[in-house]
Amino acid sequence: MSIQAQSDPSKSSYYVSDALYRELIANFSDWQRDDRVVTDVAERDRFRMLIEREARLLDQLRYEDWIALYAPECIYWVPSTPNAGDPRREIAVMFDDRRRLEDRIYRLRTGFAWSQAPASRTVRLISNVEVFATDRDAVRMVRSNFLISEFWGDETRILTGWAGHRVMQNGDRCEIQAKQVNLIDCDQCIRNPSIFL
Amino acid sequence: MTRLERIGAAPRRIDGGALYDWDELVQEERAHRLIYTDPAIFTHEMTHVFGATWTYLAHESEIPNDNDFITRRMGLRPLIIVRDSNGQIRALYNRCTHRGTTLCRWDKGNAKSFQCPYHGWNFLNTGKLRGVPWPDGYACDFREAKYNIAQVPRVESYRGFIFGTLNPDALPLVEHLGPITKPIDEWLDRNPGGKVVVCEANRIKYKGNWKLAYDNSCDGYHVVYSHRSLLETENRFAGDNAKGMSYYRNSPDSLPMYMRYTGHGNHFKDKRPNVEKRSGGLWAMESAHPGMEHYEEKFKQRHGERAFDLLDLAGSEPVNINVFPNFSLLGNHIQVFEPISVGETNAIWYGTMIVDANGDIGEEAVNDINALRMRTQEGFPNFGEVDDVANFEQIQRGLDALEDEWVYMHRGLGIPDRIKTHEDGSITAPATDEAFMREHFKEWKRLMKARPNLAIQREP
Ligand code: FES
Ligand SMILES: [Fe+2]
């Protein structure tokens with residue numbers, strides 16, 4: 001058995017490799033194609049419910065339930081440029097593997113994460129959910145627009161943009177393999193970027 | 001028994017009433033809240049600090065080719081930093097000489113000329129006016145210099161770092177930097193060929209005065225408190241191999257790290273003496289980053305003995321090198337502070353990558369190092385800086401308490417043998433000392449009191 005197969009992605013990161021980066025960039029290029037739109041209403045609904053559930057779990061700060069939506073070897077990526085770019089040569093707002101996502105949860109739970117003490121209150125609106133087929137039968141790409149109202153400090157502000165989810169269907173179960181969050185102001189200075197998007 | 005504290009007279013105003021007696025406002029051990037909250041002081045800073053001294057503008061790697069430009073600011077002045085058609089780096093005011101429109105609205109690009117979107121005046125990237133629509137409607141012939149774009153008269157680079165000043169009497173940049181060039185050189189020279197290339201940034205805005213960031217830049221006192229969530233997170237699997245800045249946890253003042261003040265408001269926190277000097281020493285201190293185990297295995301297999309030297313290039317250099325008022329090198333970042341208003345600041349953490357300058361690393365290894373280096377650099381802004389910035393915002397808020405006027409910076413002051421002055425005039429103190437802050441405020445006061453003869457320049 002390879003090291004990779006034995007390893008626990010919560011504890012070590014063997015899966016983030018050049019091959020993964022290449023695949024990720026390819027998977028998130030040129031995928032929102034009209035000829036690949038899934039029109040089946042039941043299927044679209046399934047994915048819409050997944051994305052809505054994710055939004056609700058984050059609003060409720062139910063991080064364990066939230067991260068359970070993700071594949072063990074997942075990627076969470078918030079690019080710092082509108083064209084997303086190559087995360088091997090560009091700093092991202094965030095580029096997390098599973099362990100780093102769990103780091104974020106851990107940090108928020110220490111009680112000493114001053115940027116979230118007290119925690120932001122958020123309400124997420126998810127809309128315009130479109131589902132796209134990929135080269136692989138079991139894998140779908142989902143585009144959704146989001147608008148997060150975040151009350152923090154003494155004011156409410158808006159974080160908005162669109163997200164791409166790469167989702168693997170495993171029988172009845174769906175696993176998010178990768179999420180790319182495209183803030184519309186990703187290349188500008190952002191105040192207190194410390195919540196999950 | 002409680003004691004009533006009489007509220008003193010308001011600070012004395014000078015200069016026709018708008019400004020203050022700076023020695024009253026900033027004293028040896030304390031500074032008045034007004035320096036962070038008064039819009040008139042901020043306005044004065046925008047000429048007397050951002051203008052009269054050298055301000056960091058950009059890195060040469062951001063405009064590598066002729067005609068490349070980026071837009072930046074010097075204080076509040078909008079600038080186009082351009083490498084003109086002859087390869088000369090200029091800092092043009094992003095302002096049309098006709099009626100004042102900004103000429104360029106893009107963050108970066110490549111252009112030989114800039115045409116004003118309002119009435120179409122057209123300027124070469126040297127700043128010279130090339131032409132105006134329907135010139136026969138003007139009695140003048142536009143050969144006068146006043147129609148050429150204003151520019152920062154002195155733009156100088158130190159090893160790729162571009163600075164500018166409007167002060168004709170300022171020292172040449174390299175003399176102004178003085179002894180701080182030594183750590184800057186060391187910071188650069190640990191990278192192949194002494195070179196780095198800027199590659200996007202973590203960009204953070206906070207609602208607080210810009211000086212709160214500079215006051216933090218060499219502060220070793222806040223680390224275990226402000227960054228407690230970071231230290232706990234970084235060390236959640238670490239066992240005895242403490243990661244990151246854990247060495248601050250126990251008696252940091254007894255450790256070999258130190259702060260050094262080198263003059264002109266510049267200072268330097270050197271944490272390198274805390275780190276074991278060996279191949280892989282920096283890498284061993286890195287906390288968990290995406291891909292780190294995979295790449296470590298790969299480097300060990302491919303590069304044998306040399307693996308850990310290469311991995312150290314993705315590790316973060318334990319220094320903070322601060323050039324007053326807006327520039328910091330820390331880890332592998334170039335951090336820049338941009339004042340927006342008295343109570344708003346951008347803190348931009350530009351990432352850097354390496355290049356195979358000597359051709360002895362190989363393309364694949366360089367790419368792998370950079371992929372790792374992007375992830376190590378994202379760590380601190382995401383897990384550390386956000387908490388500092390939350391504290392800066394809360395300082396700004398706390399300073400709204402009018403009657404409680406002073407902030408203190410006297411840690412280390414008056415303790416015998418704690419602070420040492422060296423032959424070159426530099427001052428060293430233990431890592432948690434506030435000597436750096438007392439010293440940079442002396443420079444701030446010198447600048448605020450001065451009457452600089454600021455100037456712009458235009459092509460003839
Ligand atoms: S303002 Fe630029 S051409 Fe008129
Ligand atoms: Fe800090």
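In the predicted model, the domain assignment divides chain B into domain 1, spanning residues 55-158, and domain 2, spanning residues 177-446. Taken over C-alpha atoms, the centres of the two domains of chain B lie 34 Å apart. The contact between them involves 11 residues of domain 1 and 16 residues of domain 2 of chain B.

Both of these domains also take part in the second largest pocket, to whose lining domain 1 and domain 2 of chain B each contribute at least three residues. The space in the second largest pocket amounts to about 850 Å³. Its lining comprises 33 residues, of which A:Asp187, B:Thr71, B:Arg72, B:Asp107 and B:Arg203 are the closest to the centre of the pocket. Two or more lining residues come from each of strand 5 (68-74), strand 6 (77-83), strand 14 (197-206), strand 19 (333-341) and strand 20 (344-353) of chain B. The greatest contribution is that of strand 14 of chain B, which supplies five residues. Sorted by class, the lining of the second largest pocket consists of 14 charged, 12 nonpolar and seven polar residues.

A metal site is found in chain B. The iron ion (ligand 2) is coordinated at 1.9 to 2.1 Å by the NE2 atoms of B:His222 and B:His227 and by OD of B:Asp388. The spacing of these donor residues along the sequence is H-x4-H-x160-D. B:His222 belongs to the loop between helix 6 (210-216) and helix 7 (223-226) of chain B, whereas B:Asp388 belongs to helix 12 (residues 363-398) of chain B, so this pair ties together parts that are 166 residues apart in sequence. B:His222 is buried, its relative accessible area being 16%. B:Asp388 is likewise classed as buried, with a value of 2%.

A:Pro118 is located in the loop between helix 5 (98-109) and strand 3 (121-133) of chain A. Most peptide bonds are trans, and most residues other than glycine have a negative phi.

Positive phi values occur at A:Leu61, where phi is near 55 degrees, and at B:Phe142, where phi is near 65 degrees. A:Leu61 is placed in the loop between helix 3 (41-59) and helix 4 (63-67) of chain A, and B:Phe142 in the loop between strand 11 (129-131) and strand 12 (154-158) of chain B. With a relative accessible area of 37%, A:Leu61 is partly exposed. B:Phe142, by contrast, is buried at 12% relative accessibility, because the limit for burial is under 20%.

The loop between strand 11 and strand 12 of chain B also holds B:Pro153. B:Pro153 is partly exposed, at a relative accessible area of 23%. Although B:Pro153 and B:Ala91 are 62 residues apart along the chain, their C-alpha atoms are separated by 8.2 Å. Apart from neighbours within four places in sequence, the contacts of B:Pro153 are B:Thr165, B:Leu166, B:Ala455, B:Ile456 and B:Gln457.

B:Gly315 is situated in the loop between helix 11 (307-312) and strand 17 (319-323) of chain B, and its relative accessibility of 0% places B:Gly315 among buried residues. Between the C-alpha atoms of B:Gly315 and B:Thr262, which are 53 residues apart along the chain, the separation is 26 Å.

B:Glu296 itself forms part of helix 10 (residues 292-303) of chain B. The C-alpha to C-alpha distance between B:Glu296 and B:Asn274 is 23 Å, for a sequence separation of 22 residues.

Key
Residues are numbered from 1 along each chain as its sequence is written. Chains are lettered from A and ligands numbered from 1 in the order in which they are written. This is a predicted model: local features need pLDDT of at least 70, side-chain atom pairs count only at pLDDT 80 or more; totals for chains, interfaces and linings use all residues. Side-chain values use heavy atoms; hydrogens and water are left out. On a 1 Å grid over the protein atoms alone, a cavity is a set of points where a 1.4 Å probe fits but cannot get out, and a pocket is an open set with protein on both sides within 12 Å along at least five of seven lines; lining residues have an atom within 4 Å of a point. Grid points are joined across faces, edges and corners, and a volume is the space filled by probe spheres set on the points. Helices (H or I, at least four residues) and strands (E, at least two) are DSSP runs, numbered from the N terminus. Ala, Val, Leu, Ile, Met, Phe, Trp, Tyr, Cys and Pro count as nonpolar, Asp, Glu, Lys and Arg as charged, and the others, Gly among them, as polar. Domain bounds come from an automatic or database domain assignment. Donors are N, O and S atoms within 2.8 Å of the metal (3.2 Å for Na, K and Ca); water is not among the atoms, so sites may look incomplete. Buried means under 20% relative accessible area, exposed over 50%, partly exposed in between (1.4 Å probe, protein chains only). Contact means heavy atoms within 4.5 Å.
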